[in-house]
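Take a look at the sequence and the 3D view below. We will walk through the contacts one part at a time.

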Amino acid sequence: MDLSYGEEYEEFRREVQAFLAESWPPRGDEAQLPQNEQIDRFRERGVEAGYLSRSIPRKYGGSEQEADSSKAAVIGEEFRRAGAPMDLLGGGVSLLVPTLLERGEEWQKEKFIKPTIRGHIRWCQGYSEPGSGSDLASLQTKGELVGDEWLINGQKIWTTGAQFADYCFCLVRTEPEQPKHAGISYLLIDMHQPGVEVRPLKQMTGNSGFNEVFFTDARTPRDWIVGKRGEGWLVSRTTLKHERSGLINVGQATSQLPALVDLARRSTRNGRPAIEDPEIRQKLAEVEGFMLANEYSLRYRATKDIKGQDPGRIQLMAKLIRSDIGQEVAKLGMELIGDDGLLAGGAASEMGRPDGPQDNGAWVTTYMGSLAGAIAAGSSNIQRNIIGERGLGLPRDAAAQRGK
Amino acid sequence: MEFDISEEQELLQGMVRQLVENECPLARVREIFEGDSGHDPELWKSLIEVGLAGTAIPEEFGGAGLELLDLALVSETLGNGALPGPFFGHSLAGLAVLLGGSDEQKKTWLPRLAMGDAIGSVAFAEEGSSWQPEEWTLQANGTLSGAKKHVPYGSIADLIVVGTADGGLALVERSGGGVETEPVDGADRTRRLDDLIFDGAHCEILPDGQRASGRVRDAGLILLAADAYGGAARCLEMAVDYANTRQQFGVTIGHFQGIKHQLANMAIRVDPVRFLCWYAAHAFDKIPDESERTAALTKAHATSVFMQTARDTVEAHGGIGFTWECDVQILFKRAMFDRAFLGAPAVHRERAAVLAGW
């Protein structure tokens, strides 16, 4: 048990600080460049210095550093403090790249990984379909090999970022005669082609984060498949061991608390500052208890991961815990904003900020948006099944057994 | 940066778990629960033999010389077994002498507490849920006169650490006379309480008592939280076992999502508490700036979770869960103790709010 960094890492911190003082924000001629180029050049240097894309091999554009959670934490803290660009998030970097590293062909790694981690190409995840949500493996989008190309027909839905994506990593039924899970392949598809149509869906918040994607004789080359034919389900479940090095993000589970406390300080309740209201004080402290318990669960999990040991069932719970707390935070925020709870809300960009919503409109958006956390990427009830069955050792439910 | 317990600490917990399983399985817990004294001298002796009575007492005084984190890990395991007896109050009394006592007092009492030659306890609460040092009013001027409430095993403790006016601490030897005990009809029969009336009882002030009393309280909050985690984990395990055993409609009830989801909801509240307790104990040992507030939040959180988990566990057992015969009630009442002793969750959440400058 040691939560301090120790002298070795304080030395490392000084190195990172010196690097940032030199490199961000850009100075001189570079400061005149368009912002995306500034970020590009900075990322190049960040990789060179070993601070960015640490888990990615050098030959694919990463810095190939040994997994070290303390260094990752120091880098995160210092980059955030400097407001410097960090490693990109999103499905391309967090899902596709690790999958390619684990299961991809050499040419696929060379072609796709570097531009993805630099943000030069963007990806969307073609998984859910109108009839296949929680029961994803029932998906029906068809892929047929015609000559040297896959011909793809079908529809995906809830596809985040499809309207901006260059490519899609997509689960497609290519072996219709095989049982459910064994009939699926993992294909990479160019989104810029006539056979792909993207229609944004308008959310209850008024924003459009995700889309319907229609494939009508869309094409992709025969070898743009990750893993073998019929292995797509397994490929999509590739263990994300490449994520390890960046896993500890100290303070991530408590990061929204300051925004909530700020809100309580500037809100009025029963004629006085809400922060003085006994009920609000109780609720803040209660939420903080849940946040802290989650924070240290994550640190434990990260420690176990680094040591190559199994953290146990706590890892199955992360998503449900996070979305539950997110909803409690949002509800308390709504309580505090008072009459502004009558308003339509703020911009989508305010949602999911790591430092929490910063104004009352953003709290309205968060109030609605926090529900997305309970639905996307495996609904909360599905999470409860997973925890119950894999974590607690309860039997699989009857419906799932029939459909197997 | 490493957030995990050490191999030695895992061994310590394994040793304690083994002891609980061998010496005091739930059937034995129930006998003590139903008994008159709530104390089994043989069981207490087996704890002493492996050194648990002096877990956090330095080696120079005959203890194991471990830290609060280790003591919390022991508490967690004892809580998991619903182990009856004076361990909690005894451990706090030792910490009080260690943190607040003179060299002479330490030399006199710590070896006796560590070896189990004396049982220790703490007398903090006064009328009106006044548990906190700043709320104590009992005057100590060489002797004590007045009342203290809810003293763990006050009728068998040899040494009682009494909270005094101005947040100080005083030692009273029960054999010295002037101490009357009145048993409390407590819900948790695995940890008995007595009200104490002092009538000119001889007392010795702990010279650093005012500095130590808040720390001892914080340690108590953390040990209760750890006990609560252990108990909550036991409840969850019992509920899962029942769901895997009880059959209705031709299948075990764990097949039904109504039960499965309830148990999953319990699990996501219970499991993270373990790590919160570790952190609170570690902060007590190593991060003094965060220690007091973290202890308050942790006690409030862990004991609330235990209480709710115990309620859910009764419900998950159906009718049998509501009976005296079912062991869940023993855990339920441990949860009541952990929740209320040293102040209810709302008290500590408000303290945490004040300490944060809210």
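Which residue of chain A meets the side chain of Asp271(B) in a salt bridge? The partner is Arg313(A), with N and O 2.6 Å apart. Keep in mind that this is a predicted model.

Start with the count of salt bridges. Between chain A and chain B there are seven. Polar contacts come next. Here 19 residue pairs qualify, with both residues at pLDDT 80 or more. Which helices of chain A each supply at least two residues to the side that touches chain B? They are α3 (69-82), α7 (257-266), α8 (278-307), α9 (314-337) and α11 (380-391). The largest share comes from α8(A), with 18 residues. Sorted by class, this side of chain A has 23 nonpolar, 13 polar and 14 charged residues.

Now turn to the extent of the interface. On chain A, 50 residues are in contact with chain B, and on chain B, 42 residues are in contact with chain A. The size of an interface is often given as the accessible area lost when the parts come together. Chain A and chain B bury about 4300 Å² between them. Carbon and sulfur atoms carry 64% of that area. Which three residues supply more of chain A's buried area than any other three? They are Met1(A), Arg281(A) and Tyr300(A), and they supply 18% of the area that chain A buries against chain B.

Next, look inside chain A. Follow domain 1 and domain 2. Eleven residues of domain 1 are in contact with ten residues of domain 2. Together the two domains of chain A bury about 870 Å². Of this, 53% is on carbon and sulfur atoms. In domain 1 of chain A, Asp40(A), Ile56(A) and Tyr60(A) lose the most area to domain 2. These three account for 55% of what the domain 1 side buries.

How many salt bridges are there between domain 1 and domain 2 of chain A? The count is two. In chain A, the side chains of Glu44(A) and Arg118(A) also meet in a salt bridge, at 3.0 Å from N to O. Five residue pairs are in polar contact across the interface of domain 1 and domain 2 of chain A, with both residues at pLDDT 80 or more. The side of domain 1 that touches domain 2 has four nonpolar, three polar and four charged residues.

Step back to the whole structure. Over all chains, it holds 48 salt bridges. One pair within chain A is Arg269(A) and Glu335(A), whose closest N and O atoms are 2.5 Å apart. Arg269(A) lies in strand β9 (residues 268-269) of chain A, while Glu335(A) lies in helix α9 of chain A, so this pair ties together parts that are 66 residues apart in sequence.

Finish with a sheet in chain B. Four strands form an open sheet in the order β1-β3-β4-β7, with mixed pairing. Which strands are at the edges? They are β1 (120-123) and β7 (204-205) of chain B, and each pairs on one side only. Strand β1(B) runs parallel to β3 (residues 159-164) of chain B, and four bridges join them. Find Ser121(B), and you will see Ile160(B) of β3(B) opposite.

Definitions and conventions: Residues numbered from 1 in each chain as written. Chains lettered and ligands numbered in written order. Predicted model: local features only at pLDDT ≥ 70, side-chain atom pairs only at ≥ 80, totals over all residues. Heavy atoms only, no water. Contact = heavy atoms within 4.5 Å. Buried area = accessible area lost by both parts, 1.4 Å probe. Salt bridge = Lys/Arg side-chain N within 4 Å of Asp/Glu carboxyl O. Polar contact = N/O pair within 3.5 Å; in protein donor to acceptor, adjacent residues only side chain to side chain. Nonpolar A, V, L, I, M, F, W, Y, C, P; charged D, E, K, R; others polar. Pairing = 2+ DSSP bridges.
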